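The sequence and structure come first.

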There are 2 protein chains.
Amino acid sequence: MANTWQQLVADKRNRQVASIPKDWLLEDPPAADVLDVTRIPETCGILTAQEIRITNASVGTLLQNLSAGEWSAFEVTTAFAKRAIIAHQLTNCLTEIFIDRALERAKELDEYRRTHGKVFGPLHGLPISLKDQICIKGLEATMGYASWIGRYSTSNSVLVDTLESLGAVLYVKTNIPQTLMFAETNNLVFGRTLNPYNRSATSGGSSGGEGALIGLKGSPLGVGSDIGGSIRIPSGFCGLYALRPSYGRVPYAGNVNSLEGEDSILSVLGPMSNSLDGVKVFMKSVVGQKTWERDPLVTRMPWDEAEYSLASHGGGRNLCFAIIWDDGIVVPHPPITRGLEMTKRALLAAGHKVLDWKPLKHKEMYDIALGIWGAASAEDYKAVTATTGEPVLTTMDPEPDQDTYNTQRLRLGDTKGSTAYELWQVQRRKREIREEYLQYWNDTIINTGTGRPVDAIISPVAAYAAPPHGQNRDANYTTVWNVLDYSAAVLPVTKVIPSLDVQRPAHKFYDHHDRYNYELYNPSKFAGEPVAIQVIGRTHEEEAVIAMAEIVDAALQAQKARL
Amino acid sequence: MANTWQQLVADKRNRQVASIPKDWLLEDPPAADVLDVTRIPETCGILTAQEIRITNASVGTLLQNLSAGEWSAFEVTTAFAKRAIIAHQLTNCLTEIFIDRALERAKELDEYRRTHGKVFGPLHGLPISLKDQICIKGLEATMGYASWIGRYSTSNSVLVDTLESLGAVLYVKTNIPQTLMFAETNNLVFGRTLNPYNRSATSGGSSGGEGALIGLKGSPLGVGSDIGGSIRIPSGFCGLYALRPSYGRVPYAGNVNSLEGEDSILSVLGPMSNSLDGVKVFMKSVVGQKTWERDPLVTRMPWDEAEYSLASHGGGRNLCFAIIWDDGIVVPHPPITRGLEMTKRALLAAGHKVLDWKPLKHKEMYDIALGIWGAASAEDYKAVTATTGEPVLTTMDPEPDQDTYNTQRLRLGDTKGSTAYELWQVQRRKREIREEYLQYWNDTIINTGTGRPVDAIISPVAAYAAPPHGQNRDANYTTVWNVLDYSAAVLPVTKVIPSLDVQRPAHKFYDHHDRYNYELYNPSKFAGEPVAIQVIGRTHEEEAVIAMAEIVDAALQAQKARL
């Protein structure tokens, strides 16, 4: 006799609780109205001083100390596992928890190092967290669908094999929204993930479990996926560094996904980390593994050190950036604008040029993306949930009311669907705009004075810092780059400071979304939340984008040091 | 008052006739029942001895003599233009003819060389023919649609600009089937292209104008496009060398096409030539131009000389090939099998290994391709032809009868169409098979004895040499590689020799297509026609595939020299 979806969920939740080591439970969990929980991991008494040192270290420091044998893989794994369990109790960020298995693996790596006198690989002993959809043999990948509970992966995905061959230690998977197609994180199996800086706010999505986990340093490096901002939005909202690579640079084969067969705007995997060195080491080591030999969608393109040295960007001296202050869809909130201004000042002080970037057809591109996904999203969700009849979420709002519900664009669960011909017309228009945009970028050469077009675009990640649950209605600042397939890094710039980030007088609104967003802002509601930017390069410019993000980050750090 | 489509066609044909230089008209054109016209260009008296020398030269020799100033761009262009006009009178292979413009350009190149003492670029003075869909500013690109007559391209496509920047001379465009989605060449504007080896047979398609033109050496190098075999089939039927590159290696932007917005199996451009050096020089020089800076779909992947040196294939010594003798869909005719046997003997004699390749799910892949194209092909054609109401061709048969009509798979003009969701399910299955096929290929490592998987697959181009007009009903031997996005070269092996290629006893037929194909064979009907093979590598292995095709070709030449 088949179980109801509620019974399946109850069983799955029990199994999840059982997978949590009891010694690491908070004796005195903070009340629900404690909103900023970022200090609790270090104050709750569960972590030793050494474990705090380890978990606060950057990926570069971790790998150095692991390689030197200063820190064992076992103690590093233990430290991050403990902090991950703390983070989970504060934000509900985990799905699959397999710490015993990880500690066994860590012991083997320590043994390998002892026996062979060298590391197993360039990621030797580094704990890496994975978004729930990434498949590990013997574990579930429910993606928040009750209907997928009990489907155990029969093999590792290509990325999992690759990371293990590089010496990484996998230990937890992280929460996502049901369907993956929301910029928040909530589902009927694991529930809602909270933002560690403000638990009344979303951690973003769809890689929102990674956002909260890494934001609390329960993981030094995680893998998210991004079809419209799903790596970048949670990274922005939780203060991380991250990269949305171009299609086909990181192997995707062997994982589960939504909208399978949608071949036009491809979801990509990419790194999320506490530091840019985490982003870089992930890309360099994964891309170095020739995964095109195992995943047919991976581009045969090795890591290019010359591009990382900015060979195509004048060696990185006197770069010319261009800033998107407003994409013409939704006007950014005051702290976002301040973050861009800080970035501009920092870059000018570092000797670079900064122009304004006038967005070209961003609204049309955003609508194209929603048109392509919406062509069959509702039918896709219906097919997946048919086995149990679980409800399909059409909003992330905890208390949806008809009024605000209507302002939400990302409602892919109840679209009408298209014919293949209608879909082709949207995809055709997308291709035309990609050509126009590239030409438009090339044409900036007349304004830069560098002899090159603009080197990178700087943009908000969203029009706002993390909004209250259910209020993240759009993904326009990120989705356009998925449509164009441009590589985009995210880095934190500042935090919301109510005394500086006062509300502005109302502007002439683009539409009701823009009005809604304007009215959403209230400095105290966003206080202390991270403010981030994107650094955007062209297709396949991952190496250069990482290098330029390092330059922007260094300029911002130098500016802070001067103040 | 709008013209009827018939009026538009009549006007267009008149303009085409007017574009043909009158001095180059055949005084005594062969009667329709003269089938093999391959010797006529050299015997008709229009070409001088020097022009015959020039037009018979390989691309390598042409470039060498042009570079050394032995031959001027003007005389080379004149020679090929004349031979192209002869070829057109024999096979009806041209669409746009712009020889005056080409001769002007050739003069400029000669002048440049005189003034600067060096060539303009690596393709200095080389005439290159282009499939009709490739757009040149100021010329039409009707693609055989009456509805597109009078639409003059407002700019050059990226490839046209690229070829001109390399020093090429463009002089003619070539015929295609209406819709491009047939493996023969016929349309209501320009009519039918004939095979130069047997004018009662098809030149193949959809790049069938290129096939006939280059087959008669009216062009040393042409550009075709290939979504299911459209470069390879006419190359095979007309005795050419050619390459179907992976998606995104040759710029496509700025040309016209069918099925616009179909983003799953992408049409690609590629070279067709009388020699492999033509194929190589095209790829090396075009790929070297960083066209990703102008076409967003071009992969940022420079020409890789190490891959051309077969760095990933043991340096090219002791290669292991695997032959597809029968794809399980349609059993090849006797001359095709003999071509494969010749290739096997030649490779063994050259010290390479040769295994058998058991096709994996080729029938399913072929059906997937037809499912993806057919999802909206009929609606696409209807939309294009709506302005004039011209008929949409659903067969290439000059005298279609219901009976044989039913055996034709490639009938994309009257499909029912799909929903986007149905299309996604087909595309999803395609992705799964691509993963399976790559694994399947990797697993051959246990049989090769080289420490590598099979280096390249060798396959027929079609189950037959050029069939009578209207009888080329399938493209199964080529389409599977488009589905997998594998790079595939074509080279000629032998010709049909009735005394050797006798009909076999009937086998157990796979289905009525296979039976139809068996019954189609009759040695005398195919006598003297070229027999070709494909050499197939993996995605993005263009450099290695060219190098391996050179190895196969050299082995075959050595074998012929021994006999």
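In this predicted model, A:Trp357, A:Tyr437, A:Tyr440, A:Trp441, A:Trp481 and A:Tyr486 form one aromatic cluster. Rings of Phe, Tyr and Trp (its six-membered ring) are taken as a pair if their centres lie within 6.5 Å, and planes under 30 degrees apart count as stacked, over 60 as edge-to-face and the rest as tilted. Over all chains, the structure holds 28 aromatic pairs. Helices (H or I, at least four residues) and strands (E, at least two) are DSSP runs numbered from the N terminus. A:Trp441 is buried at 0% relative accessibility, and A:Tyr486 is buried with a relative accessible area of 2%; buried means under 20% relative accessible area, exposed over 50% and partly exposed in between, with a 1.4 Å probe and protein chains only.

In chain B, B:Trp441 and B:Tyr486 form an edge-to-face pair, with 5.4 Å centre to centre and 75 degrees between the planes. B:Trp441 lies in helix H16 and B:Tyr486 in the loop between helix H18 and strand S12 of chain B, so the pair ties together parts that are 45 residues apart in sequence.

Residues are numbered from 1 along each chain as its sequence is written, while chains are lettered from A and ligands numbered from 1 in the order in which they are written. Local features need pLDDT of at least 70 and side-chain atom pairs count only at pLDDT 80 or more, whereas totals for chains, interfaces and linings use all residues; side-chain values use heavy atoms, with hydrogens and water left out.

How do H16(A) and H18(A) pack, and at what angle? Their axes are 9 Å apart and the angle is about 95 degrees, where axes are lines fitted to C-alpha atoms, for helices over the stretch in contact, and angles run from 0 to 180 degrees between N-to-C directions. The two helices are therefore roughly perpendicular, a class that covers 65 to 115 degrees, with under 35 counted as roughly parallel, over 145 as roughly antiparallel and the rest as oblique. A:Lys430, A:Ile433, A:Arg434 and A:Tyr437 in H16(A) meet A:Trp481, A:Val483 and A:Leu484 in H18(A), contact meaning heavy atoms within 4.5 Å.

Also in helix H16 of chain A is A:Arg429, which is partly exposed at 23% relative accessibility. Not counting residues up to four places away in sequence, A:Arg429 touches A:Lys361, A:Glu364, A:Ile368 and A:Glu436.

| Feature | Value |
|---|---|
| Peptide bond A:Gly205 to A:Ser206, cis | omega near 5 degrees |
| Peptide bond B:Gly205 to B:Ser206, cis | omega near 5 degrees |
| A:Leu180, positive phi | about 70 degrees |
| B:Asp485, positive phi | near 55 degrees |

Most residues other than glycine have a negative phi, and most peptide bonds are trans. A:Leu180 is buried, with a relative accessible area of 5%, and B:Asp485 is buried, with a relative accessible area of 3%. B:Asp485 is found in the loop between H18 and S12 of chain B.
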